[in-house]
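Please read this briefing with the sequence and the 3D view side by side, and look up each residue as it is named. The notes go from the overall fold to the core, then to the charged side chains.

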Amino acid sequence: DVFLPPSPEQGETKMTYSKRVAAVLKKELGIEDRGPRSIDVVVDASGAETSIQMGLLIVRSGGTYIQVRLLLI
């Protein structure tokens, strides 16, 4: 599946935006909080604040959230 998040609304905080987009994502892709349509693992490699927040909002209760940080040497 592909999901293109909507643009932030004027004056919207990052957390409010993350909550709104997570709700849209769950609705459009049929993601449930529990059961076979829930998300067990989220891997975030962006480091973007809103992406991190959305990942935490869509992973099921008891699921796993992994944040990857790339170090260039």
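The secondary structure of this chain consists of two helices and two strands, where helices (H or I, at least four residues) and strands (E, at least two) are DSSP runs numbered from the N terminus. Read from the N terminus, the elements follow the order α-β-α-β. This is a predicted model, in which local features need pLDDT of at least 70 and side-chain atom pairs count only at pLDDT 80 or more, while totals for chains, interfaces and linings use all residues. Residues are numbered from 1 along each chain as its sequence is written, and side-chain values use heavy atoms, with hydrogens and water left out.

**Overall dimensions and surface**

- Taken along the principal axes, the C-alpha atoms of the chain fill a box of roughly 40 × 30 × 20 Å.
- Of the 73 residues in the chain, 26% are buried, a word that here means under 20% relative accessible area, with exposed meaning over 50% and partly exposed in between (1.4 Å probe, protein chains only).
- The chain exposes about 5,500 Å², and carbon and sulfur atoms supply 55% of that area, which was computed by the Shrake-Rupley method with a 1.4 Å probe.
- Among contacts (heavy atoms within 4.5 Å) between residues at least 6 apart in sequence, 39% join residues at least 24 apart.

**The nonpolar core**

- In soluble globular proteins, nonpolar side chains tend to be buried together.
- The largest nonpolar core of this model has eleven residues, namely Phe3, Tyr17, Val21, Ala22, Leu25, Ile31, Ile39, Val42, Met54, Ile58 and Val59; such a core is a set of buried Ala, Val, Leu, Ile, Met, Phe, Trp, Tyr and Cys residues joined through side-chain atoms within 4.5 Å.
- Helix α1 (14–29), strand β1 and helix α2 (49–58) each supply at least two residues of this core, and α1 gives the most, with four residues.
- Ile31, one of the core residues, touches Leu25, Lys26, Arg37, Ile39 and Ile58, not counting residues up to four places away in sequence.

**Charges and salt bridges**

- The chain carries 9 positive and 9 negative side chains, and the centres of the two sets lie 4 Å apart; Lys and Arg count as positive and Asp and Glu as negative, without His and the chain ends, and each charge is placed at NZ of Lys, CZ of Arg, CG of Asp or CD of Glu.
- A search of the whole structure finds five salt bridges, each being a side-chain nitrogen of Lys or Arg within 4 Å of a carboxyl oxygen of Asp or Glu.
- Glu9 and Arg20 form a salt bridge (3.8 Å, N to O), and because Glu9 lies in the segment before α1 and Arg20 in helix α1, the pair ties together parts that are eleven residues apart in sequence.
- Glu49 forms a salt bridge with Lys14, with the closest N and O atoms 3.4 Å apart; Glu49 lies in helix α2 and Lys14 in helix α1, so this pair ties together parts that are 35 residues apart in sequence.
- Lys26 and Asp33 also meet in a salt bridge (2.3 Å, N to O), in which Lys26 is buried, with a relative accessible area of 17%, whereas Asp33 is partly exposed at 49%.
- Salt bridges that share partners join Glu9, Glu12 and Arg20 into one network.

**A buried charge without a partner**

- Asp44, found in strand β1 (residues 39–44), is buried yet has no salt bridge, and the nearest side chain of opposite charge, Arg69, is 11 Å away.
- Leaving out residues up to four places away in sequence, Asp44 touches Ser51, Ile52, Tyr65, Ile66, Gln67 and Val68.
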